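Please keep the structure open while reading.

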Amino acid sequence: MAASFARLIKTQVRSYSAPADKAIPASKQRYIPTTGTYPQGFLVSGTHVGVKASNTRFPDLALIASETPCSAAAVFTTNKFQAAPVQVSRETLRSRMGEGIRAVVINAGCANAVTGKGGMEDAVSMGRKVDECSGVEGDSSLVMSTGVIGQRLPISKILDGIPTAHANLASTHEAWLTTARAICTTDTFPKLISRTFTLPSAPERTYRLAGMTKGAGMIHPNMATLLGVLCTDAAVSPAALQSLLKHAVSRSFNSISIDGDTSTNDTVAVLANGAAGGETVQAPASSSAQPSADYSALQKVLTSFAQDLSQLVVRDGEGATKFVTVRVRNSSDYDSARAIASTIARSPLVKTALYGRDANWGRILCAVGYSQGVRDGVVVPERTSVSFRPVDGSPPLRLLVGGEPEMVDEERASAILQNEDLEIEIDLGGGEKGADGCGGEDAVYWFCDFSHEYVTINGDYRT
C-alpha cells in the first residue's frame with residue numbers, strides 16, 4: 001500500500017506549475033528583472049487579502065496609483081459576457097473622457113464575471129474605496145479582476161484590505177515586483193518590464209515607461225485572459241493615448257495565442273501623468289492628418305514595449321515548452337496575413353506537432369489553406385513557401401519552396417525543434433515588390449505548443 005500511495009503522490013507532481021510556496025521555476029528566473037526604472041509620480045503595492053480561502057499569505061490585491069491625475073485609455077475584451085470590472089472601468093473612462101484617472105485596483109482569485117447586479121455593485125465599491133483612501137471625489141479608479149468565472153467576490157475582505165494596500169504604496173523596484181506578483185493566477189512568474197525613452201521635441205528629457213501583465217491560459221484575441229497596466233510619466237492627451245494603445249495592442253496583446261480562447265475580463269490600460277514634464281503628445285487632427293514627430297516616436301516605443309510584455313505571457317503559457325514566432329510574409333494585404341498567422345497559432349495539430357518535435361509542415365500548410373477572412377488570390381499554392389528559421393541565425397530549414405516539397409533533413413529538423421524558441425516563416429510570394437525584390441505585407445503572431453500538462457491544468461482548474 002505504501003508503494004502504491006507513493007506512486008499516486010508522484011503522479012500529482014506537476015512540472016508545469018510553480019511550487020506551492022510560489023517560488024519561481026528555475027527556467028523562468030531569467031525573465032524576472034532585478035532592477036527597474038519606474039515613472040515618476042506612480043506608487044504601487046501588492047497586498048494579501050485572501051480572495052481565495054486557500055491563499056493564506058500571498059499577495060492578491062494590486063494597487064497602482066498616481067500622485068496626480070492621469071490621462072488614461074484601455075482596450076477591453078470583445079467577449080459578450082463581459083465581467084463587471086470591464087463594464088465599470090469602461091463607463092468610468094467614458095464618463096471622464098479619459099481624464100482625471102488616479103488609480104487601478106486589481107484582485108486575483110475571482111473574476112467577478114457573470115455575477116449579476118451584485119457583481120456590478122462589488123466592482124463599483126472597489127473603485128470607490130480606493131478613491132476614498134486617496135481623498136479623491138468622484139469615480140476616478142479603474143477596476144480589474146481575474147480568476148474563476150461565476151463566483152461572487154469576498155468583497156468585505158477586499159474592501160477591508162484596500163486601506164492597507166493604500167498605506168503600503170511605494171515606488172521601489174521591490175514594490176513594483178510584488179504588485180506584479182499580486183495579479184498572477186496560474187502564472188509561474190510575475191511579468192514586469194520598465195524602460196526609458198526620449199521624444200523628438202525634447203531629446204534631452206528622459207521619460208519612463210513601466211508595465212505589468214498576467215496571463216498563462218485562455219489566451220487569444222480579442223483579447224485573452226490577461227490583464228495589463230502600463231504607466232508613463234510622459235504627458236499624453238486622452239485621445240492620443242487611446243489611439244496609441246489600440247495600435248500597440250493590435251500588434252502585441254492581440255497577436256498572441258496560447259489556446260484560442262478569449263476571456264470575459266481582458267483589459268489592458270495605460271495611464272500617463274505627465275510628471276516628467278514636456279509638451280503634451282496630441283493625436284493627429286484627423287485620420288488623414290500627418291501625426292507629429294512625438295506621436296510617431298511614442299507609437300513605436302509603446303508598440304515595442306507592449307510586444308515585449310505580451311511575449312512574456314506566451315513564454316508562461318500553461319504547460320508550454322515552446323515559444324513560437326509565426327511570420328507571414330509577402331501578402332498582398334495585412335489583414336489576410338494576420339488571419340493566416342492567427343490560424344496557424346491556434347491550430348491544435350500544429351501545436352501538438354511542435355510539442356512532439358515533429359517537423360510536420362503539412363499541418364502548417366493545411367492551416368494556411370483553411371484560414372478564414374483571407375482575400376481571394378492571396379494564397380496561391382504554386383508560390384507559397386514554408387521554412388523553419390533557427391534562432392541561432394543559421395540558414396533556414398526550407399520545407400516547401402514555391403509549392404514544391406523539399407527533401408527535409410529530419411536530423412536537422414529534430415535539432416531545431418529541440419530549442420525552446422522557433423520561428424515559422426510562411427512566404428506567400430505576393431504583394432508588390434520593390435527594386436530589391438522585397439515587399440508585400442507581413443504579419444507576426446507569437447504562440448506556444450500544446451502539451452499533456454495543459455490538459456491537466458485546465459481539467460482540474462477549479463480544484
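An open sheet of 7 strands runs in the order β8-β15-β10-β14-β11-β12-β13, with mixed pairing. The model is predicted.

**The open sheet**

- The edges are held by β8 (256–257) and β13 (404–405). Each has a single partner strand, so one side of each is left without a neighbour in the sheet.
- Helix α8 (residues 334–345) packs on the sheet. The strands touched by α8 are β8, β10 (323–331), β14 (421–427) and β15 (441–448). The direction of α8 makes about 20° with that of β15.
- Strand β11 (residues 385–389) and strand β12 (residues 397–401) run antiparallel and are joined by 3 bridges.
- Phe388 has Leu397 in β12 as its bridge partner.
- In a regular strand, side chains alternate between the two faces of the sheet.

- β5 and β6 run antiparallel, joined by 8 bridges. A hairpin of 2 residues connects β5 to β6.
- Opposite Leu192 stands Met212 in β6.
- β6 also runs antiparallel to strand β7 (residues 227–232), and 6 bridges join β6 to β7.
- Ala210 has Cys231 in β7 as its bridge partner.

**Aromatic pairs**

- A pair of aromatic rings is described by the distance of the centres and the angle of the planes.
- The structure holds 3 aromatic pairs. One of them is formed by Phe197 and Tyr207. Their ring centres are 5.5 Å apart and their planes lie at 25°, so the pair is stacked.
- Phe197 belongs to strand β5 (residues 191–199) and Tyr207 to strand β6 (residues 202–214). The two residues are 10 residues apart, and the pair links distant parts of the chain.

**Helix packing: α3 with α4**

- Two packed helices are described by the angle between their axes and the distance between the axes.
- Helix α3 (residues 116–134) packs against helix α4 (residues 155–167) at an angle of about 25°, and their axes are 9 Å apart. That angle makes α3 roughly parallel to α4.
- The crossing of α3 past α4 is right-handed.
- From α3, the contact uses Asp122, Ser125, Met126, Lys129, Val130, Cys133 and Ser134. They meet Ile155, Ile158, Leu159, Ile162, Pro163 and His166 in α4.
- By class, the residues of this contact of α3 with α4 are 8 nonpolar, 3 polar and 2 charged.

**Helix packing: α6 with α7**

- Helix α6 (residues 238–250) and helix α7 (residues 293–315) have axes that come within 9 Å and cross at roughly 45°. That makes α6 oblique to α7.
- α6 passes α7 in a crossing that is right-handed.
- On the α6 side, Ala240, Ser243, Leu244, Leu245, His247 and Ala248 make the contact. On the α7 side stand Tyr295, Leu298, Gln299, Leu302, Thr303 and Ala306.
- The contact of α6 with α7 has 8 nonpolar and 4 polar residues, and no charged residues.

**Helix packing: α8 with α10**

- The axes of α8, the helix that packs on the sheet, and helix α10 (residues 361–370) come within 9 Å. They cross at roughly 135°. That makes α8 oblique to α10.
- The crossing of α8 past α10 is right-handed.
- α8 contributes Ile340, Thr343 and Ile344 to the contact. α10 contributes Ile364, Ala367, Val368 and Tyr370.
- The residues of the contact of α8 with α10 are 6 nonpolar and 1 polar, with no charged residues.

Terms used: Residues are numbered from 1 along each chain as its sequence is written. This is a predicted model: local features need pLDDT of at least 70, side-chain atom pairs count only at pLDDT 80 or more; totals for chains, interfaces and linings use all residues. Side-chain values use heavy atoms; hydrogens and water are left out. Axes are lines fitted to C-alpha atoms, for helices over the stretch in contact, and angles run from 0 to 180 degrees between N-to-C directions. Helices (H or I, at least four residues) and strands (E, at least two) are DSSP runs, numbered from the N terminus. Angles under 35 degrees count as roughly parallel, over 145 as roughly antiparallel, 65 to 115 as roughly perpendicular and the rest as oblique. A crossing is left-handed if the near helix is turned anticlockwise from the far one by less than a right angle, and right-handed if clockwise. Contact means heavy atoms within 4.5 Å. Ala, Val, Leu, Ile, Met, Phe, Trp, Tyr, Cys and Pro count as nonpolar, Asp, Glu, Lys and Arg as charged, and the others, Gly among them, as polar. Two strands pair if DSSP finds at least two bridges between them. Rings of Phe, Tyr and Trp (its six-membered ring) pair if their centres lie within 6.5 Å; planes under 30 degrees apart count as stacked, over 60 as edge-to-face and the rest as tilted.
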